[in-house]
Amino acid sequence: MLLSHLLHLQGIDSVVLELRSREDVETTVRAGVLEDGTATLLKETGVGERMEKEGAVHHGIELRFGGGGRRIDMTGLTGGRTITVYGQHEVVKDLYRTRLEAGGQIIFEAAAVSLHNLDISKPKIRFRRGAELDLDARAVRFQGGTEEEEITCDFVAGCDGFFGVSRLSIPEDIRREYTRTYPFGWFGILVEGPPSSEELIYALHERGFSLVSTRSPEIQRLYFQCDPNDKTENWPDDRIWEELRTRLATRDGWTLQEGNIFQKDIVGMRSFVTEPMQHGRLFLAGDAAHIVPPTGAKGMNLAVADVRVLSRALTEFYSTGQTILLDAYSETCLRRVWNAQRFSWWMTSMLHRFHDGDDYQYRLQKAELDYVTSSRAAATSLAENYVGLPLHETTGATSAG
Ligand code: PHB
């Protein structure tokens, strides 16, 4: 949706195929942390008005371990940069409204079945309506009775996630995939009630990781590390509160604000990258090309960074006929992607209990937290990654001049 909006601002037309229904997208709570550059882009392109009113600007995070909390002053350590807590589904709502008011075409509950002619100048997308994601089967399913339809276009932006056809349309002999799975998941809850903390708290405890986040002054988002195969039914509310109270307890008696839990979900944790992110006239963006565990809060921000690069490259192509930026797309994006992979893997490894690991590893993790929260150099490294690295959008390999 953001790509479609950015292209529209440059006078470039697009058609968006959205797998889910508008209502489903608008009501499913997903990620919530916008990097400094993401929030700025939304503001600069005219879709940041509600975010500026309703989003919460944060200047730091707390790391909690060993019964105490220590703050990372992100704004102080990064020369004034911030993060904004504003839900991904709120961003998408704002984009839907803006695109539809501008006459943009979005086909809901539709998905590509196959991509054709990617090597030549007029690729085709064959798609069907009546699509839905079958998470158990890990595949897209179509209701009976719908016909295949076709779109002919100049370029295909493969923004169709991990289960979409785009990534698989890059021939296997040129596609390389890099994966790491983690032996845990996150149990997430949404809670009615006031915040327990003004800033996000990332906590490591002997029993595992937990995270205190927020969605609005009235809705809190909390997570705790769990078995990825566990079921939400195994966790009545009392058990959840008991677990969170234990993991978040401090020596000075911090209290967790409890409230009505109105949603529970479990997500697996995985790191994944596919290379290259481009094949002919197909450009992958977001989860179609890469997945990060949520610990670094990078997923949505990486997708935004990809489409910013792609929109600039397409703008160059349509205004000058040149393909310099298009040709560099994969390399440009992968530089940021691998930096974010490293950061997300590092945050995940530092903050979770590896139950098959030994106490030596746990002691190292606590030493690392101690270091990161007491050395200005180490804290700055965390902070600059968290608010988003200011990577230049040229290829990483060449030096200027
Ligand atoms: C969230 O609020 O959903 C959230 C915040 C920080 C993270 C991950 C998720 O690292």
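Q: Great. What percentage of the residues in the chain is buried?
A: Of the 401 residues, 51% are buried. Keep in mind that this is a predicted model.

Q: Good to know. Why does the radius of gyration agree with a compact globule?
A: Because a compact globule of 401 residues would have a radius of gyration near 21 Å, and the chain comes out at 22 Å. The C-alpha trace spans about 65 × 60 × 45 Å along its principal axes.

Q: And how many helices and strands are there?
A: The chain has twelve helices and 21 strands.

Q: Among contacts between residues at least 6 apart in sequence, what share joins residues at least 24 apart?
A: That share is 72%.

Q: Let's talk cores. Which residues have the most contacts inside the largest nonpolar core?
A: Those are Leu2, Met277, Leu326 and Tyr329, in a core of 47 residues. Several elements supply at least two residues each, including α1 (2-9), α3 (36-44), β9 (124-129) and α10. The largest share comes from α8, with eight residues.

Q: Which residues does Tyr329 touch?
A: Leaving aside residues up to four places away in sequence, Tyr329 touches Met277, Gln278, Phe283, Leu284, Ala285, Asp306, Val309 and Leu310.

Q: What about a second core, which residues does that include?
A: Ile83, Trp346, Leu369 and Leu382 are among them; this core is separate and has 35 residues.

Q: Which residues line the second largest cavity?
A: Its lining is made of Glu35, Lys298, Leu302, Arg336, Asn339, Ala340, Asn385, Leu389 and Leu391. By class, that lining has four nonpolar, two polar and three charged residues.

Q: Which helix gives the most to that lining?
A: Helix α10 (residues 329-351) does, with three residues.

Q: Last one: how does the lining of the second largest pocket split by class?
A: The lining has seven nonpolar, four polar and three charged residues.

Technical notes. Residues are numbered from 1 along each chain as its sequence is written. This is a predicted model: local features need pLDDT of at least 70, side-chain atom pairs count only at pLDDT 80 or more; totals for chains, interfaces and linings use all residues. Side-chain values use heavy atoms; hydrogens and water are left out. On a 1 Å grid over the protein atoms alone, a cavity is a set of points where a 1.4 Å probe fits but cannot get out, and a pocket is an open set with protein on both sides within 12 Å along at least five of seven lines; lining residues have an atom within 4 Å of a point. Helices (H or I, at least four residues) and strands (E, at least two) are DSSP runs, numbered from the N terminus. Ala, Val, Leu, Ile, Met, Phe, Trp, Tyr, Cys and Pro count as nonpolar, Asp, Glu, Lys and Arg as charged, and the others, Gly among them, as polar. A nonpolar core is a set of buried Ala, Val, Leu, Ile, Met, Phe, Trp, Tyr and Cys residues joined through side-chain atoms within 4.5 Å. Buried means under 20% relative accessible area, exposed over 50%, partly exposed in between (1.4 Å probe, protein chains only). Contact means heavy atoms within 4.5 Å. The radius of gyration is taken over C-alpha atoms; the globule rule is 2.2 Å times the number of residues to the power 0.38.
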